[in-house]
Amino acid sequence: MPLSVLIPVVVIGIAGIAVILHLLGLTAPRRLADRAEALAAWAREFPELPATDAQLSADQRAALILMDTGDAGLVWCFGADTVARPLAGSNLRETETGFDIRLHDVGAPRVTVTLTPEDRPRWKEALRA
């Protein structure tokens with residue numbers, strides 16, 4: 001097959017696959033459906049630290065996890081999966097849209113959480129405890 005035919009076939013094929021995936025909704029960012037999903041994501045990574053409650057962020061891409069011990073954790077969407085980390089010893093900085101959380105973890109050094117003005121005091125209080 002001549003190169004002048006092969007290149008357009010490959011380019012159109014790749015573009016077609018991208019369009020089909022987008023139309024099927026498979027390119028949309030992952031979101032946490034509800035509190036139960038956030039708690040399940042926490043339990044998968046930290047079964048030894050049972051959670052009692054979860055508070056979802058405004059964009060449903062993160063959740064604050066509360067535990068019996070008074071400690072807090074964070075679950076957030078990363079690609080097609082979720083990541084969970086305890087928040088003990090983390091640095092919290094308030095931004096215009098929510099919080100910038102610096103974790104002491106090389107694998108996940110920073111997380112930005114979007115919150116509504118109504119949610120900020122709840123998260124701030126929970127993170128202080």
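A residue is called buried when its relative accessible area is under 20%, exposed when it is over 50%, and partly exposed in between (1.4 Å probe, protein chains only). Helices (H or I, at least four residues) and strands (E, at least two) are DSSP runs, numbered from the N terminus. The model is predicted, so local features need pLDDT of at least 70 and side-chain atom pairs count only at pLDDT 80 or more, while totals for chains, interfaces and linings use all residues. Residues are numbered from 1 along each chain as its sequence is written, and side-chain values use heavy atoms, with hydrogens and water left out.

Let's start with helix 2, which spans residues 35-45 and has Ala38, Ala41 and Trp42 buried. These three sit on the same side of helix 2, because they cover an arc of only 100° around the axis (the arc is that of the directions from the helix axis to the C-beta atoms). Ala36 and Arg44, on the other side of helix 2, are exposed. What covers the buried residues? The cover includes strand 1 (51-56), strand 2 (62-67), strand 3 (72-78) and strand 4 (81-86), where contact means heavy atoms within 4.5 Å.

Asp34 is partly exposed, at 37% relative accessibility. Its side chain reaches the backbone nitrogen of Glu37 at 3.0 Å. That is a polar contact, meaning a pair of N or O atoms within 3.5 Å; within protein, one must be able to donate a hydrogen and the other to accept it, and residues adjacent in sequence count only if both atoms are side-chain atoms.

Now for the open sheet, in which three strands are arranged antiparallel in the order 5-6-7. Strand 5 (91-94) and strand 7 (110-114) are at the edges with a single partner strand each, so one side of each has no neighbour in the sheet. Two strands pair if DSSP finds at least two bridges between them; strands 6 and 7 have five, in the antiparallel sense. Ile101 stands opposite Val111 in strand 7.

Gly98 belongs to strand 6 (residues 98-102) and is buried, with a relative accessible area of 0%. Gly98 and Val113 are 15 residues apart in sequence, yet 5.6 Å apart in space, C-alpha to C-alpha. Beyond residues up to four places away in sequence, Gly98 touches Arg93, Val113, Leu115 and Arg120. Arg120 lies in helix 3 (residues 119-128) and counts as buried at 16% relative accessibility.
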